[in-house]
Each structure stands twice: as structure tokens, then as C-alpha cells.
Amino acid sequence: MNQFEITVRNADSRGLAPCCRPVFAWKCACPPEAGGREYDQYTVQVAADEEFRRLLFLRDTCRSYIEFDSAPLHKNKIYFIRVRSGLGKWSEGSFMTGNH
């Protein structure tokens, strides 16, 4: 099971991410009120490949969301994202961009 549930905050009604500046958010699959841990540092990676060999984005943040501020993504393409806290296990997901 993934430790974090990852979403694209500004996805369109079909669930497609914008090519420019998508905003990724994540939440703990087991929040503190349900016995889970609270985290104060995250590492986020976005890649063009499932193995994360072609990283497009690598950031550390103390927030549970981040705006993709690198070069625009290609239209109608699948990308891969992963998030972890500290040196914990990666939570992975994927998303597809739309025409915008």
C-alpha cells in the first residue's frame, strides 16, 4: 500500500493535468487521527519514465502540495510521480496531461 495518496489539484473534469504548472498534492493514507504519522518534509519527483531514470522535476518541500515549475509538459502524455518523507518508502503514481 502507498503511504501517500497523490492527486493533481488542478486537473480538468476528465482528470487530465495541465501541461503548464500542474499542482500535485498528497495526503497520508493513514492520517494522524487514524493512528498514522505526521510528516514535515517531503521529496517529490516527476519523471518521463516509470523507472524514474529521466527526471523532469525534483524538489524538497515542507508542504503537502507543490506546483510543477519546470518546463511545460508535453500534451497527451503519461508522466510518473513519486513522493516520500525523509528516507521512507516512495509512494508512486502516474498522471496524463491534456491538450492545455
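The paragraphs below start with the aromatic rings and end with the cysteines.

This is a predicted model, in which local features need pLDDT of at least 70, side-chain atom pairs count only at pLDDT 80 or more, and totals for chains, interfaces and linings use all residues. Residues are numbered from 1 along each chain as its sequence is written, and side-chain values use heavy atoms, with hydrogens and water left out.

The structure holds seven aromatic pairs (rings of Phe, Tyr and Trp, its six-membered ring, with centres within 6.5 Å; planes under 30 degrees apart count as stacked, over 60 as edge-to-face, the rest as tilted). One of them joins Phe-4 and Tyr-39 edge-to-face, at 5.3 Å centre to centre and 70° between the planes. Both of these residues, Phe-4 and Tyr-39, are buried (under 20% relative accessible area; exposed is over 50% and partly exposed in between, with a 1.4 Å probe and protein chains only). Ring pairs also bring Phe-4, Trp-26, Tyr-39 and Tyr-42 into a cluster.

Charges meet rings here too. The charged end of Arg-82 sits over the ring of Trp-90, 4.4 Å from its centre (NZ of Lys or CZ of Arg within 6 Å of the ring centre and within 35 degrees of the ring normal). Lys-77 lies over the face of Tyr-79, 5.1 Å from the ring centre.

Finally, look for disulfides (pairs of cysteine sulfur atoms within 2.5 Å): the structure holds zero. For Cys-20, the nearest cysteine sulfur belongs to Cys-19, 6.6 Å away. Cys-20 is partly exposed at 48% relative accessible area, whereas Cys-28 is buried at 17%.
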